[in-house]
Amino acid sequence: MCGIIGYVGKQPAASFIVEGLKRLEYRGYDSTGVAVVAEGRISVVKKIGRVAQLEQELAKRPLAGTFGMGHTRWATHGGVTDANAHPHVSSDGKIVLIHNGVIENYASMKTFLLGKGYTFQSETDTEVLGNLIAYHYAKAAESGEENRCLASVRKALRHTEGTYGIVVMCVDFPGEMVAARKGSPLIIGLGDGENIVASDVSAIVARTQSVVYLKDGEIVHLSAQEFRITTLGQSAVAPLVDRVTWSVAAAEMGAYAHFMEKEIFEQPTALENAMRGRFSEDGSTANFGGLNVSAGEFRSMESFAFCACGTALHACRVAEHMIERFARLPVECDYASEFRYRNSPLFRNTLYFVMSQSGETIDTLAALREAKRKGYKVLAVTNGVGSSIAREADGGIYQHVGPEIGVASTKAFTSQLLIGSMLALYLARMRDMSFSDGVTFVKALKGAPDLVRQALGQAPLIKAIARRYAHVRDMLFLGRLSLFPIALEGALKLKEISYVHAEGYPAAEMKHGPIALITEECPSVFFAPSGEILNKIISSMQEIKARKGPIIAIVTASVELPAGLADEIIVIPECHEAVLPIVASIPVQLLSYYIAVERGCDVDKPRNLAKSVTVE
Ligand code: F6R
């Protein structure tokens, strides 16, 4: 939800900012802009469209200077117009700012500011905040206050309700930058004679790997040489400098056509990274550092609860299946956005998990806070090192899959599935699972990367299938047990990147409604792995076939379907139950990807979406 970057240093700001925006573009991409403060002037170039279009505009209207900021927008307040694009300059021309988040009390602020003579060029809440900062700045200037850029931001934020990650510069103090956050991520990159503020590390790794993660309620005041963090209440904060462990190459597309394609094919390595060092020496269970919950406490839990959004919620639903199946413990799964308002009754000995690739999803963060408010311990499964969710959780498990840039989650999802299975193993081994079953389970998990490699080998076949079905308007994804959430995920992947209407259903439930959609033009993707209920799944396929619905079957290697039942067959390797959802995800990721490519869609930046949803 909006990418922001600010730069103070000795290098030309605009070109560096544009490079950073390219890496942040996955956060929002309906309009972009850059501002540079130089020679007593704030110069802004902004327009609707992608960073590439901004770059063309900057070639015509170059911005010279070494202090500046840039923004890539996902519209909240106000439509997608040039005027609503950021940066916004206050009507007195003193203050320029960029913002990620939503200012909830912007209307009353605006009325106040109109009364004071400030004017507005856009419909955004951001411009209102900019003018409020300008108002406090003017008052501070009158009284000759020290540090007035910082002081005016602080005063304005004390009257601000909602969420923000902001970067502010003042025309009178080139070389100074103020940034603050509440609910929207911000990091500080510490360079050599330059400092950077950005929404995430991908925008800065080309220059520096030293970062400080700003916390909610903190303000940072930076120049090219130094930075100082304080709270809104003016207490000094001792910064904790971290090192980013991945390099800029991890955030580049390389030889692939899209980030999504790259990330799909990276999954064997991503899984290896997610499990590395996480099995016990005797090879019979999983081990996690950083849980901050003792084995005894885990043992005493009577139930578990998971909250997440979107794809991450589908991973939670698989974890629910695995924990119930192997550890025989009850698990609740909820949409984070519902949990936070539902006030549902909770069991006393329940351990909460939130899952979030980014670690910044606002609904998931709010669910975490709600569970903590009720006195529960909350652990996070996240890929976002240093993210808000990672910091606020009592402990957790990092996914360690490197940056995921394609908006549609793939490698993060399968690593979440892996971690869910590892948790199930950990809990099961504390209860009834034998040593030898534990060893078998661990071996199966360790074999997952190879099985995924084999499944990826079906890519040419799946591409050909995608060509045959790319024209359809509707598609059903049907699976049972642990593959029902993978059916949900398949449908989500397809609709979000190719705009084909798709629904995921438990295969047998399909006859209670969705079967009405079935025609020759509505294919069904069936998961049909070997196992006890294969015959039931085949019966559901027959019901679709009887209504002339095309069938794309994803079967495990030993399955033989009745002749002519499926129109297309994709074979994945036989595997342990704990690994099956991971391997079965590969064909639906590939199918969605190739259909979207075939339809000419912008795979990595689907319409209306953004990678990290930091607004409610
Ligand atoms: C879909 C997708 C989204 C995210 C959801 C939660 O491909 O990526 O549904 O899963 O927005 O995001 P995180 O995991 O960052 O909390």
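Analyst: Domain bounds here come from an automatic or database domain assignment. On that basis the protein is divided into domain 1 (3-250), domain 2 (253-446) and domain 3 (457-605). The model is a predicted one, in which local features need pLDDT of at least 70 and side-chain atom pairs count only at pLDDT 80 or more, while totals for chains, interfaces and linings use all residues. Residues are numbered from 1 along each chain as its sequence is written, and side-chain values use heavy atoms, with hydrogens and water left out.

The part in question is the interface of domain 1 and domain 2. Taken over C-alpha atoms, the centres of domain 1 and domain 2 are 34 Å apart. Contact means heavy atoms within 4.5 Å; by that criterion, 13 residues of domain 1 touch 12 residues of domain 2.

Buried area is the accessible area (1.4 Å probe) that two parts lose on being put together, summed over both. For domain 1 and domain 2 this comes to about 1,000 Å², with 55% of it on carbon and sulfur atoms. On the side of domain 1, the residues that lose the most area to domain 2 are Tyr26, Tyr213 and Ala250, which together account for 41% of what that side buries.

A salt bridge is a side-chain nitrogen of Lys or Arg within 4 Å of a carboxyl oxygen of Asp or Glu. The rule finds one salt bridge across the interface of domain 1 and domain 2. A polar contact is a pair of N or O atoms within 3.5 Å; within protein, one must be able to donate a hydrogen and the other to accept it, and residues adjacent in sequence count only if both atoms are side-chain atoms. Four residue pairs, both members at pLDDT 80 or more, are in polar contact across the interface of domain 1 and domain 2.

By class, the side of domain 1 that touches domain 2 has eight nonpolar, two polar and three charged residues. In this scheme Ala, Val, Leu, Ile, Met, Phe, Trp, Tyr, Cys and Pro count as nonpolar, Asp, Glu, Lys and Arg as charged, and the others, Gly among them, as polar.

Two salt bridges may be described individually. Asp216 forms one with Arg369, their closest N and O atoms being 3.1 Å apart. Glu19 forms another with Lys22, the closest N and O atoms lying 3.0 Å apart. In total, the rule counts 29 salt bridges.
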